[in-house]
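Q: Can you walk me through the disulfides and the cavities in this one? I am new to it.

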Amino acid sequence: DYFLLSKEVGEHSGYKGEIEFAISDKQHDNILTTTTASIQALYTRDYSSVSPGKYKVGIHPGFFIFRPSLQTYNDLVDILRKGEYDPKLGWYGKTGTFWGSMTTRGLLDYYYNHHSNMSGEAKELNRCVYNNLGASPHIRENGKKVCRNRNESIELNTCQDCRTFISLEKIKVANLSVCRDPWSCYLHDETLDSLKLCREYHHHWFLLRRELENAWEEFGGGGQFENYEPSPKIGKERPLHFLGYCHSLGEEGQGAGSSTESYIAMKPPNSDQRGPHLDPNQVLYQFRSPVDHPDGMYNRHTDNTYDNVQTIVKPKKHFDPEEVIFQFQEGHPKRDRIQG
C-alpha cells in the first residue's frame with residue numbers, strides 16, 4: 001500500500017506514520033519530510049552477519065520492497081554485465097566488502113545507496129518490526145560486549161535487542177532463518193529469555209497451521225477440499241507447544257524428513273480429492289472466448305490458438321473459478337451435462 005497508493009495519497013502522513021524506519025536523531029527531521037513518492041526502496045540490513053572487526057553489512061535479501069521500475073531493472077542488468085566489483089572495495093569501489101557483498105546484499109546496497117541513476121531515496125526499516133530474525137544484537141570484541149550495529153551503543157542504551165524489544169503482535173515480518181524451521185520440531189531452551197521469541201515464532205506457526213487445516217475441513221465446500229481430513233494430531237512431544245504435530249524433539253540442524261521422523265507433515269488438500277487431478281488453469285482456458293470469436297467456446301493451446309469446443313454451457317462474462325472446477329468433480333450434478 002505504501003508504494004501502490006503513493007500517487008493517490010501524495011504526502012499523506014498516515015502512511016508514513018505506519019512505517020517504522022531505522023533512524024538516528026540526526027536523520028529524524030529528514031524522515032518526517034520524506035514523501036511516499038520519493039522513496040524507491042525499503043529494506044533491512046543484515047546485522048546478524050557482523051563479526052569482530054567486520055562491521056560493514058549489506059541489504060538483507062530475506063526482506064526487500066521496491067517500487068517497480070523498468071529503468072531500475074535495466075540499470076541492474078547493466079551493472080551486472082559490467083561486473084565492476086573489487087574484492088577489497090566492493091561494487092565500483094563504494095560499498096566495501098562484507099558477507100555476501102558480491103551477491104544480492106552488495107548489489108542492492110550499491111544501487112539504492114550509491115548509483116547515480118537512482119532518483120529518490122531508499123530507507124532502512126526497523127529490523128525489529130520488519131524481518132525480525134530473533135538474533136542477538138551483540139558480539140564480543142577484545143573481551144567487551146559491543147553492538148552489531150555501529151550506529152547503536154550499549155553505553156547509551158540504544159542497542160536494540162529485537163528478541164525482547166517488541167511483542168510478537170507488533171512484528172510485521174518474521175524471519176525464521178535464525179530460529180530454525182518449526183517443522184524441525186526443535187525446542188529452544190525454555191530457561192533462556194533470549195530464546196523466548198524463537199519459541200513464540202514456532203508456537204505461532206503451529207497455531208496457523210492448525211487454523212488453516214481446520215478451515216479447509218470446515219469451509220472447503222467441494223473441489224480439491226472435498227472431504228478434507230487434517231493430519232492427525234497425535235504427537236506426544238510438548239503438545240501445548242507443538243500442538244500434537246511432533247512425535248519427538250528434533251536435534252540441532254535437523255529438519256523435516258530426517259531419520260527420526262519427528263514431524264507430522266501437513267497433508268496437501270488434493271491428496272484425498274475425489275476424481276482426477278485437475279489443473280485449474282487448463283479448465284478455465286476452455287471457458288475463455290477470444291475477442292474475435294465472442295459466441296464460441298474455445299480450447300486454448302500452448303501456442304495461444306483456439307479450437308472450438310462443443311458444449312451446452314453458455315459463455316459468461318465472468319466465471320467463478322471454483323464453480324468451474326466443481327463441475328468437473330465426480331458426483332457433481334452438472335458434470336454429465338458437460339461435453340468436449
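**Disulfides and cavities**

A: The disulfide of Cys185 and Cys246 is left-handed because the torsion about its S-S bond is about -85°. A disulfide here is a pair of cysteine sulfur atoms within 2.5 Å. This is a predicted model, where local features need pLDDT of at least 70 and side-chain atom pairs count only at pLDDT 80 or more, while totals for chains, interfaces and linings use all residues. Residues are numbered from 1 along each chain as its sequence is written, and side-chain values use heavy atoms, with hydrogens and water left out.

Q: How far apart are the sulfur atoms of Cys185 and Cys246?
A: The sulfur atoms of Cys185 and Cys246 are 2.1 Å apart. The pair links distant parts of the chain, 61 residues apart: Cys185 is in the loop between E7 and H6, and Cys246 is in the loop between helix H7 (239-242) and helix H8 (280-285). Helices (H or I, at least four residues) and strands (E, at least two) are DSSP runs, numbered from the N terminus.

Q: Are Cys185 and Cys246 buried or exposed?
A: Both Cys185 and Cys246 are buried. Buried means under 20% relative accessible area, exposed over 50%, and partly exposed in between, with a 1.4 Å probe and protein chains only.

Q: How many disulfides does the structure hold?
A: The structure holds four. With the bonded cysteines numbered in sequence order, they pair as 1-4, 2-3, 5-7, 6-8.

Q: What does Cys179 form a disulfide with?
A: Cys179 is bonded to Cys198, with 2.0 Å between the sulfur atoms. Cys179 lies in the loop between E7 and H6 and Cys198 in helix H6, 19 residues apart. Cys179 and Cys198 are both buried.

Q: And what is Cys128 joined to?
A: Cys128 is joined to Cys162, S to S 2.0 Å. Their link is left-handed, with -80° about the S-S bond.

Q: Switching topic. How many cavities of 30 Å³ or more are there?
A: There are two cavities of 30 Å³ or more. On a 1 Å grid over the protein atoms alone, a cavity is a set of points where a 1.4 Å probe fits but cannot get out.

Q: How much space lies in the largest cavity?
A: About 150 Å³ lies in the largest cavity. Grid points are joined across faces, edges and corners, and a volume is the space filled by probe spheres set on the points.

Q: Which residues lie nearest its centre?
A: Tyr47, Arg127, Leu133, Ala135 and Cys162 lie nearest the centre of the largest cavity, out of 16 lining residues. Lining residues have an atom within 4 Å of a point.

Methods
On a 1 Å grid over the protein atoms alone, a cavity is a set of points where a 1.4 Å probe fits but cannot get out, and a pocket is an open set with protein on both sides within 12 Å along at least five of seven lines; lining residues have an atom within 4 Å of a point.
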